[in-house]
Amino acid sequence: MAGQRGDVRVEVGVVGQRAALDEGLGEDGALGALAFAELRSSGQAGAATVDLLVRLGRQFVRSHSFPPPDAYSTWSDEAVEDLLADMFSRPGAGHKFVLTCYLKATDGPSLERLLLAAIRSFLIDQAKSTERGKLRRRLETLLDGDERFARSQTRLRWFAAGGVDLPWQGDRDALARAAMAVRGVSLARLPESGPTPREAKVAILAVVQAALAEAAGAVSTEDLAWVVEQRFELLRPPVFTSLEADNTWLEGVESSYGADDVEIDQNDQVERLWATLSAADRVLLPHLAERNRWANLLGVGVARATTVGEALAARLRAATADDAECDELLLRLAERCRAALPDG
């Protein structure tokens, strides 16, 4: 079967050769070596590379909690092929992600590892965009029904009633900081559908009002949804199953994990970790050792601050568990967080 998006065709079905490739497999990781050799010789994804992607995709989604594409109820083989078709058809990226992984790889196992990371990142982006779409629609309904807010002439932005309808083009982090300064509001989750509960409505609109006051202009619905998401940590990546604890995950790719195949510059690691942090995480991270200050720093109750702080500490431990220089990495990440603060 072939997955297709626009004029991009992912020859998953061309792997009618898949059986022949499987017959040729000996030791674990051989398929990664075949794909690595194929990319080195041809410079593009052929049957071996696509077959590797399909196998890695199947193993990945079986051991993680990501939802399947909208047209599917489970992660069937067709759903995985649809996922890969979406990855190949991304505007501005598409086939480039395979080549990027190949250029960073040193051998078959490291190629597998990098492709798995690419699949994971894509699924996180997909999950967030789906949930943020729901949040955007909910936000538009709330703002439309409140006289404190006005929609711009383009219908794409919002500004405070009585303010100026001029497009805001500032730094989103500044809006997030203004949102973090709003005290006395909290929001654990939103319903999947239906009206917004009263307390949630009050919390969301208070944060939007603060963000628009900071912007002093018209802000897009997307940016406002991002601010609300950051303030209340509404959209977190799915919880991942431990790779080492799941034998199904390891089937066929044992050689890809546990070995320190890929040298990654520490600056890149800091930036990658930084990109995963919410606004609350960035405020809290430099002060993780000061538990008694968490609630004050975040402007929330002790229970909520404890939940956020402990979750952040757990994620950082998991992300740096295999890094021999994790202490140095976390120090640099803390410095990065401090530098982003208004008085940093």
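Helix 2 crosses helix 3 in a left-handed sense, the near helix being turned anticlockwise from the far one by less than a right angle. Helices here are DSSP runs (H or I, at least four residues) numbered from the N terminus. The model is predicted, with local features requiring pLDDT of at least 70 and side-chain atom pairs counted only at pLDDT 80 or more, while totals for chains, interfaces and linings use all residues. Residues are numbered from 1 along each chain as its sequence is written, and side-chain values use heavy atoms, with hydrogens and water left out.

Helix 2 (residues 30-42) and helix 3 (residues 47-62) pack at an angle of about 140°, and their axes lie 8 Å apart. Axes are lines fitted to C-alpha atoms over the stretch in contact, with angles running from 0 to 180 degrees between N-to-C directions. Helix 2 is therefore oblique to helix 3; angles under 35 degrees count as roughly parallel, over 145 as roughly antiparallel, 65 to 115 as roughly perpendicular and the rest as oblique. The contact (heavy atoms within 4.5 Å) involves L31, G32, L34, A35, E38 and L39 of helix 2 together with A47, A48, T49, D51, L52 and R55 of helix 3.

Within helix 2, residues A30, L31, G32, A35, F36, E38 and L39 are buried, that is, under 20% relative accessible area with a 1.4 Å probe and protein chains only, exposed being over 50% and partly exposed in between. Just after helix 2, G43 adopts a positive phi of about 75°.

Elsewhere, E271 lies in helix 11 (residues 266-276) and counts as partly exposed because its relative accessibility is 37%. The C-alpha atoms of E271 and L333 are separated by 8.1 Å, although these residues are 62 residues apart along the chain.

Methods:
Helix = DSSP H or I, 4+ residues; strand = E, 2+ residues; numbered from the N terminus.
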